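Me: I would like to work through this structure feature by feature. Please give the general idea each time, then the case at hand.

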Amino acid sequence: MKIQIDNLRFTYPTGLEVLRGISLSIEAGEQVAIVGQNGAGKTTLVRHFNGLLQPASGSVMIGDWDTKKTSVAKLASRVGYVFQNPDEQLFSKDVATEIRFGPRNLGYSKEKIDELVTRALALTELSDKTETNPYDLSPTWRKMVALASVIAMDTPIVIFDEPTTGQDAVNVARIAHVIAELHREGKTVITITHDIDFCAENFERVIALSKGQILLDGPAREVLGQEEILAQTYVDPPQLTRLGKRLGLKETVRNQDEFLSAMRK
Ligand SMILES: Nc1ncnc2c1ncn2[C@@H]1O[C@H](COP(=O)(O)OP(=O)(O)OP(=O)(O)O)[C@@H](O)[C@H]1O
Ligand SMILES: [Mg+2]
């Protein structure tokens with residue numbers, strides 16, 4: 001399912017213009033990372049994808065649906081959004097109810113709901129916590145519940161807003177696995193992240209936002225190699241990318257494997 005954004009502008013009621021002419025398209029099945037400094041407008045941008053926010057001007061198309069003419073409830077069948085703060089998202093008394101809510105709301109059959117919930121629980125390693133109140137879980141696991149409740153909706157587009165913030169290495173690896181699995185299933189995965197190493201390891205395309213505009217958009221290798229331009233949005237390239245540059249490697253390397261193979265040349 002294609003996402004097509006044309007000249008999107010958005011101003012909060014406070015008068016702050018946060019999106020200043022964003023045009024971009026994301027093809028079905030792409031895995032995209034969005035980076036940029038605090039306040040760049042990343043969350044504001046993705047909240048337009050599921051209709052939580054409406055453009056002041058310009059348009060956001062999700063497949064053939066214009067978000068201005070489509071209800072949030074309807075858009076929920078195409079776009080899943082995992083909130084930056086899980087506490088804004090979770091409301092059920094136990095994990096199982098929380099995860100069933102989305103697919104039930106989309107009107108799937110009981111068998112289909114069971115299947116989707118079981119898969120989401122397994123993918124997020126929550127199968128042994130179904131009866132726990134999400135608020136009795138650590139923030140790390142609450143974040144996984146938020147992920148699971150969106151994955152269970154089986155939408156063609158899934159958005160993660162800062163999934164790795166505050167997570168330990170084990171959970172970051174779990175989240176990377178979830179993203180890889182969704183990608184394997186052909187879903188479009190859009191992830192906002194401050195963790196540039198996570199971005200380099202897991203995404204083919206990177207969009208850098210700065211002050212409500214797109215600064216860079218392209219293959220991760222090219223975007224992450226643009227050290228001076230990225231600095232405008234306070235994003236440092238991954239450590240290995242910077243080290244590779246200092247060592248005079250010809251190619252931009254993104255991760256250990258690429259670094260080692262470039263060193264061997
Ligand atoms: N509901 C709101 N009302 C008014 N201003 C807002 C609101 N939400 C966000 N803003 C402002 O809009 C700007 C962009 O915010 P946004 O949350 O989209 O940025 P972000 O790139 O996601 O930042 P972060 O990395 O901190 O999550 C910021 O200056 C923020 O203070
Ligand atoms: Mg944000």
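Me: Which residue in E2 does Ile5 stand opposite?

Reply: Strands of a sheet pair through backbone hydrogen bonds, either parallel or antiparallel. In this predicted model, Ile5 stands opposite Leu24 in E2, and Thr11 faces Glu17 of that strand. Strands (E, at least two residues) and helices (H or I, at least four) are DSSP runs, numbered from the N terminus. Local features need pLDDT of at least 70 and side-chain atom pairs count only at pLDDT 80 or more, while totals for chains, interfaces and linings use all residues. Residues are numbered from 1 along each chain as its sequence is written, with chains lettered from A and ligands numbered from 1 in the order in which they are written.

Me: How many bridges join strand E1 to strand E2?

Reply: Two strands pair if DSSP finds at least two bridges between them. E1 (residues 3-11) and E2 (residues 17-26) run antiparallel and are joined by seven bridges.

Me: In what order do the strands of the open sheet come?

Reply: The order of the four strands is E2-E1-E4-E5, with antiparallel pairing. E2 and E5 (65-66) are at the edges with a single partner strand each, so one side of each lacks a neighbour in the sheet.

Me: Which residues touch the most other members of the largest nonpolar core?

Reply: In soluble globular proteins, nonpolar side chains tend to be buried together. A nonpolar core is a set of buried Ala, Val, Leu, Ile, Met, Phe, Trp, Tyr and Cys residues joined through C-beta atoms within 7 Å. The largest one here has 66 residues, and Ala148, Ile159, Val206 and Ala208 touch the most other members. Helix H5 (residues 139-151) supplies the largest share of this core, seven residues. Contact means C-beta atoms, placed from the backbone, within 7 Å. Beyond four places in sequence, the residues touched by Ala208 include Val35, Leu215 and Val235.

Me: Is Ile113 buried, exposed or partly exposed?

Reply: A residue is buried with 20 or more other C-beta atoms within 10 Å of its own, exposed with 12 or fewer, and partly exposed in between; C-beta atoms are placed from the backbone. Ile113 has 19 such atoms within 10 Å, so Ile113 is partly exposed. Its place is in helix H4 (residues 110-123). Leaving aside neighbours within four places in sequence, Ile113 is in contact with Arg100, Pro103, Arg104 and Tyr108.

Note on methods:
Contact = placed C-beta atoms within 7 Å.
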